[in-house]
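Subject: Handover of a structure and the findings from it

Dear colleague,

Please find below the structure that I am passing on to you. My findings follow it, arranged by topic.

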Amino acid sequence: MADLKHENEGPPRAARPERPSAVVWQRTRHPGVYVRHRKGCPRAGGAEARCRCEPAYRASRRHPVTGKVISSGSYPDVNEALTWLAGARQRAEPLLRERAAAGPTFGALAEQWWQGVEQGHIGKRRGQHGYAESTLRGYDRSLRHVLLPEFGARAAGEVSAREWQLFVDRLAREGLSRSRIANHLAVVRAIYAWACRPTRRLVPENRTIGVELPPVDEVARDRAATAEEAEALLYPLAPQDRVPFALAFYAGLRRSEMDRLQWQDIDLERLWLVVRKSKSAAGTGRRLPIAAPLKPILMRAFMLQGRPERGRVLAGVSVTSGRLTPRAIKAWSTAVAAATQRGEGLTLEPIGLHECRHTYASFLMAAGYTLRELMEYMGHSSLQATERYVKLLPPPAGPDGAADRLNAYLAARATT
């Protein structure tokens with residue numbers, strides 16, 4: 001058995017002082033009681049051997065609230081260890097009653113909620129829809145690395161709104177971005193919203209509703225590049241990094257969509273692309289047009305991967321790890337520095353993948369596609385979401401050419 005790590009309460013008066021030994025504590029027939037034989041005793045090497053020493057006994061149990069292992073000192077008699085263990089149980093009873101009255105811990109609620117989410121029994125917005133895979137990955141990281149270590153052992157109903165606010169303020173002081181803090185808080189709010197429903201009442205109320213987030217510190221992602229900018233930004237990138245940026249520029253794919261994109265989903269001859277699965281039902285299964293500049297970029301990636309019949313288009317490139325954008329920014333700054341040394345004027349304003357998606361929408365609108373078509377190709381569930389892109393689009397043509405598309409349509413209908 002592995003060594004036990006204890007938080008000793010302090011040896012009692014009759015306890016024998018421990019001697020340093022390399023021998024580990026072994027289980028006994030009494031649950032929670034362990035024995036340690038002295039070095040050189042035959043019993044220390046195996047349970048079948050006969051003891052030829054004066055062993056020491058120790059009792060251990062977990063704290064009913066913190067869950068940490070606590071233990072007694074070492075005793076020469078097993079009955080003394082059993083007496084300590086019985087007393088520890090008696091001392092724990094009030095704590096257990098208090099814990100039961102306080103309700104389930106945040107960790108227990110989180111585990112129950114997570115199981116329901118994974119099995120599809122719990123969804124967002126009062127069960128109307130399930131969570132997207134990318135959302136669940138972020139929730140999982142928040143729970144395992146941040147929330148459970150901080151609040152997992154606490155009774156969920158006893159964590160006050162002030163404590164949640166202090167938690168958010170501390171994360172902000174530590175330099176965490178507003179969006180990352182909002183993601184952590186979104187998990188907590190989802191758990192509490194599910195637990196405090198009148199039909200469950202696992203906690204009395206959702207005390208995170210009034211928690212204030214720090215001020216907005218992110219740069220607004222409301223940029224759309226021109227066709228010339230898109231081409232200039234793609235050129236300095238490494239071939240494997242050029243593919244995801246080109247898919248966003250010329251096909252408008254989200255990160256999760258390009259991450260799941262397979263070679264069999266692309267028709268380069270007809271310049272069409274199928275999104276098999278998206279973050280929403282509106283985006284799943286849609287077929288969208290891709291711009292011609294994307295074809296040679298995908299053809300080169302296809303050749304570099306050995307002309308695969310199936311498999312991920314991005315191969316080994318990850319668009320969710322956060323490493324793609326820093327590599328791209330480095331490539332753009334290197335290209336600008338090289339152009340400056342040659343005496344050339346080159347300006348490359350860094351752009352994110354979501355802004356590249358904005359660019360695709362602007363290309364569609366400038367090419368004459370309707371808002372309804374934009375909604376379908378962008379994978380939006382409503383026109384309201386699509387209309388956010390209108391302010392990013394280039395200004396309409398002047399009065400001289402404003403009637404050309406109308407007259408061309410009417411002329412075509414007249415001839416038929």
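Some of what follows concerns pairs of helices, so a definition comes first: a helix axis is a line fitted to the C-alpha atoms over the stretch in contact, and the angle between two axes runs from 0 to 180 degrees between their N-to-C directions. Please also bear in mind that this is a predicted model.

**Two helix pairs**

With that definition, helix α3 (residues 106–118) and α7 have axes that come within 10 Å and cross at roughly 85°. Angles of 65 to 115 degrees count as roughly perpendicular, and α3 and α7 are therefore roughly perpendicular to each other. On the α3 side, the contact is made by Phe-106, Leu-109, Ala-110, Gln-112 and Trp-113, while α7 contributes Val-187, Val-188, Ala-190, Ile-191, Tyr-192, Trp-194 and Ala-195. By class, the residues of this contact between α3 and α7 comprise 11 nonpolar, one polar and no charged.

The second pair consists of helix α5 (residues 133–151) and helix α6 (residues 161–173), whose axes lie 13 Å apart and which pack at an angle of about 135°. α5 and α6 are therefore oblique to each other. The crossing of α5 past α6 is right-handed. Here Val-146, Leu-147, Glu-150 and Phe-151 of α5 meet Trp-164, Phe-167 and Arg-170 of α6. The residues of the contact of α5 with α6 divide into five nonpolar, two charged and no polar.

Which residues does His-184 contact, leaving aside its neighbours within four places in sequence? They are Ser-142, Val-146, Leu-147, Leu-171 and Leu-176. His-184 itself is found in helix α7 (residues 178–195). With a relative accessibility of 7%, His-184 counts as buried, because the cut-off for buried is under 20%.

**The protein as a whole**

The protein has 16 helices and eight strands. Of its 416 residues, 38% are buried. Among the contacts with a separation of 6 or more, 59% are between residues 24 or more positions apart.

**The nonpolar cores**

The largest nonpolar core holds 46 residues, and the members that touch the most others are Phe-245, Leu-247, Phe-249, Leu-253, Leu-273, Leu-288 and Leu-298. At least two residues of this core come from each of α8 (227–234), α9 (239–251), β7 (272–275), α11 (294–304), α12 (324–341), α13 (353–366) and α14 (371–378). The largest share, eight residues, is that of α9.

Setting aside neighbours within four places in sequence, Leu-298 is in contact with Val-243, Leu-247, Trp-263, Ile-266, Leu-268 and Val-313. Apart from this core lies another, of 32 residues, which includes Val-117, Leu-136, Val-159 and Val-188.

Glu-133, in helix α5, is 123 residues from Ser-256 in sequence, yet their C-alpha atoms are 8.5 Å apart in space. Not counting residues up to four places away in sequence, Glu-133 touches Arg-260 and Lys-277. Glu-133 counts as partly exposed, at 37% relative accessibility.

The other pair is Met-378 and Arg-254, which are 124 residues apart in sequence and 9.0 Å apart in space, C-alpha to C-alpha. Met-378 lies in helix α14. Is Met-378 buried or exposed? Met-378 is buried, with a relative accessible area of 0%.

**Two backbone angles to note**

Most residues other than glycine have a negative phi. Leu-271 has a positive phi, near 60°, and lies in the loop between β6 (266–267) and β7. Its relative accessible area of 24% makes Leu-271 partly exposed.

Arg-307 also has a positive phi, of about 55°, although it is not a glycine. The loop that holds Arg-307 runs between α11 and α12. Arg-307 counts as exposed, with 53% relative accessibility.

Yours sincerely

Technical notes:
Residues numbered from 1 in each chain as written. Predicted model: local features only at pLDDT ≥ 70, side-chain atom pairs only at ≥ 80, totals over all residues. Heavy atoms only, no water. Core = buried A, V, L, I, M, F, W, Y, C linked by side-chain atoms within 4.5 Å. Buried < 20%, exposed > 50% of the residue type's maximum accessible area, 1.4 Å probe, protein only. Helix = DSSP H or I, 4+ residues; strand = E, 2+ residues; numbered from the N terminus. Contact = heavy atoms within 4.5 Å. Parallel < 35°, antiparallel > 145°, perpendicular 65-115°, else oblique. Left-handed = near helix turned anticlockwise from the far one by under 90°. Nonpolar A, V, L, I, M, F, W, Y, C, P; charged D, E, K, R; others polar.
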